[in-house]
Amino acid sequence: MMTDDVYREMESVVGEENISREPAILDSYAFQPFHRAEPGSWIHRPAAVVLPGSTGEVQQIVKICHRNKVSYKAHSTGWGAHSGPGKEGVIQIDLRRMDRILEIDEENMYVVVEPYAICAQVQAELMKRGLNLHIIGAGSSTSPLAACTSHMGMGFTGVSMGYSGRSVLGVEWVLPDGELLRLGSLGSGSGWFCGDGPGPSLRGIMRGWAGYDGGLGVFTGVAIKTFHWPGPREPEVEGLLFDTKTEVPDNFKVFLCYFPDYERWADAYYRIGEAEIAYIMSKNPIGAMIWAFTPHLMRKITDMPAIKTALKAAQHGCHVMIAANSPGDLDYQVKTLKRIIEETEGVLIDVKPPFESMLWWSGVRVSAVQAIFRPGGTFFVGLGGDEAVDNTMLQAKFGEKIKQDFIDRGLIYDDLADVMWGGLYEQGLFNHQEEIMIFNARDPRQAKAPEEFAKACARTAVEEHLGGIGFALFGGEKMHDLFSPVTSDYYKWEKKIKETWDPDDLSNQTFR
Ligand SMILES: Cc1cc2nc3c(=O)[nH]c(=O)nc-3n(C[C@H](O)[C@H](O)[C@H](O)COP(=O)(O)OP(=O)(O)OC[C@H]3O[C@@H](n4cnc5c(N)ncnc54)[C@H](O)[C@@H]3O)c2cc1C
């Protein structure tokens with residue numbers, strides 16, 4: 001339990017300015033409206049918040065918790081209910097003081113970061129060296145360390161740069177008892193360059209499809225693969241969203257592609273992946289986009305059946321950004337894309353100014369997604385298993401039906417039932433499509449919708465064999481019981497790992 005003595009012991013580690021149990025400060029951590037199925041915006045108030053500034057301090061804090069049987073929960077930027085306490089009496093370990101880029105190895109193409117070095121900061125430094133990193137769809141204010149070690153990892157750049165869980169190299173990990181474990185080559189004193197040795201290769205224990213969400217100790221450093229950046233070393237950009245002003249480099253092109261049906265959309269996805277021509281690629285659903293960027297307009301459109309029908313014709317779409325290394329390369333990639341679109345009977349729109357700047361920069365910096373909070377204050381997601389495109393196409397078909405039912409019952413906003421956001425990964429090796437629903441968090445009836453929606457999506461995924469667990473992850477124990485028997489009993493194994501590594505269950509996992 002968190003006693004005055006425990007508090008004072010922690011204070012002696014981090015200094016009195018880096019620990020607090022002031023109710024107002026603690027409430028600022030407990031306000032977490034995002035990533036929760038049940039209504040409301042408040043999670044459990046932490047018993048205290050502590051801000052260690054180094055790996056050594058993290059170890060000391062975790063050891064104090066371990067000795068005194070106090071639960072703790074680490075987060076990096078702390079962007080959702082899954083980042084805060086799942087019960088009373090938990091100490092929040094806020095890692096914002098650990099915000100350094102420790103190393104950029106240009107030759108071996110990796111970057112080593114602490115938890116609060118955010119994607120925008122890391123990307124800006126990498127670009128100066130002709131490199132880039134995969135940024136998750138949540139945007140560049142997130143922590144690449146959290147995506148690589150502890151949470152998920154989908155995003156727009158996955159087509160050329162992969163999924164976060166596949167980019168992890170050396171890892172520095174404070175275990176639930178406070179001991180330090182170094183994974184991969186780091187564990188044999190050979191530096192950060194490899195995740196799987198020489199040295200312990202425990203990536204599968206550390207994370208599978210998704211990580212433990214703070215349930216297996218605290219990660220204090222990680223080396224992440226970087227990728228070629230053929231753009232400007234220091235892009236000059238002004239403004240945001242529609243007001244973005246920047247020069248789109250000549251070797252980049254942004255296209256919008258639309259297809260007549262799901263099947264041809266899926267064919268094009270396979271072929272664009274195989275041709276290895278996309279630097280960035282994602283499905284940006286038309287209804288959700290209009291809600292996010294012009295919510296007042298979309299409110300009017302929902303009462304205009306003819307316009308809704310016209311917009312729905314653009315349902316099977318995606319945006320593709322091409323990045324080339326020479327004029328010849330650009331010519332080849334554009335011709336290849338045109339041919340694929342022609343053969344799949346699609347429509348290709350060559351995006352021109354002023355929208356070109358916005359789509360280019362919001363793709364590269366992943367800087368526009370937060371707009372999805374504008375219509376109703378939050379959103380929720382179902383389905384989303386990472387699978388072959390044919391399977392994600394089925395997820396989209398079922399997801400559309402589920403969502404239309406919720407729209408018809410007035411439980412969520414009418415986004416044309418077209419909200420399947422998702423990206424292609426590793427040049428088409430797998431795909432993900434998540435069924436986003438936007439709703440009014442302040443309307444008591446709509447606020448209850450996520451729970452029912454989560455269940456409907458999970459049931460359908462199991463009954464129709466729609467692949468992995470996807471976003472059912474946030475539904476807690478009951479969801480795992482539903483998915484685990486049809487997914488190699490993953491939850492049984494996950495629990496065994498947790499019981500072995502953290503027998504007192506002190507490293508709080510929030511939803512599990
Ligand atoms: C608009 C929007 C879009 C999104 N799109 C995507 C997407 O495309 N892909 C995707 O993967 N996610 C997506 N998310 C989810 C997003 O990844 C999470 O919300 C995440 O919390 C982002 O913040 P963060 O990276 O700083 O991680 P945090 O919020 O800090 O942490 C995420 C989880 O990891 C744990 N954790 C963090 N750091 C550590 C650490 N150092 N040691 C141990 N545990 C730790 C936390 O306890 C928490 O459970 C989206 C979220 C939003 C709001």
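Two strands pair if DSSP finds at least two bridges between them. Helices (H or I, at least four residues) and strands (E, at least two) are DSSP runs, numbered from the N terminus. The model is predicted: local features need pLDDT of at least 70, side-chain atom pairs count only at pLDDT 80 or more, and totals for chains, interfaces and linings use all residues. Residues are numbered from 1 along each chain as its sequence is written, and side-chain values use heavy atoms, with hydrogens and water left out.

**Stop 1: paired strands**

Select residues 377-383, which form strand E18, together with E21; the two run antiparallel and are joined by seven bridges. Within this pair, Phe 380 stands opposite Met 437 of E21.

Buried means under 20% relative accessible area, exposed over 50%, and partly exposed in between (1.4 Å probe, protein chains only). Strand E21 (residues 434-440) is largely enclosed by the rest of the structure, because six of its seven residues are buried.

**Stop 2: the ligand**

How many residues surround the ligand? There are 33, and the closest are Ala 74, Ser 76, Thr 77, His 82 and Gly 153. By class, the shell divides into 16 nonpolar, 15 polar and two charged residues. In this scheme Ala, Val, Leu, Ile, Met, Phe, Trp, Tyr, Cys and Pro count as nonpolar, Asp, Glu, Lys and Arg as charged, and the others, Gly among them, as polar.

Display the distances to the backbone. A polar backbone atom of Ala 74 is 2.6 Å from an oxygen atom of the ligand. Nitrogen atoms of the ligand provide two further distances to inspect: 2.8 Å to a backbone N or O atom of Met 154, and 2.9 Å to a polar backbone atom of Phe 219. On its own the ligand has 930 Å² of accessible area, of which the protein covers 97% (Shrake-Rupley method, 1.4 Å probe). Strand E3 (72-75), helix H5 (144-149) and strand E10 (218-225) are the elements giving two or more residues to the shell. The largest share, three residues, comes from E3.

**Stop 3: helix H14**

Select residues 389-408. Helix H14 has 20 residues and reaches 28 Å from its first C-alpha to its last, close to the 28 Å expected at 1.5 Å a residue; the expected span is 1.5 Å times one less than the number of residues. Its buried residues include Val 389, Met 393, Ala 396, Ile 402 and Phe 406. After the helix comes Gly 410, whose phi is positive, near 70°.

**Stop 4: backbone exceptions**

Most residues other than glycine have a negative phi, and most peptide bonds are trans. Select Gly 197 and Pro 198, which are joined by a cis peptide bond with omega about 5°; Pro 198 lies in the loop between strand E9 (180-183) and helix H7 (203-206). Another cis peptide bond, with omega about 5°, joins Pro 353 and Pro 354.

Finally, select Val 366, in the loop between H13 and E18. Although not a glycine, Val 366 has a positive phi of about 50°, and it counts as buried at 1% relative accessibility. Gln 427 likewise has a positive phi of about 50°, but counts as partly exposed at 23% relative accessibility.

Terms used:
A residue is near a molecule or strand if one of its heavy atoms lies within 4 Å of it. A polar contact is a pair of N or O atoms within 3.5 Å; within protein, one must be able to donate a hydrogen and the other to accept it, and residues adjacent in sequence count only if both atoms are side-chain atoms.
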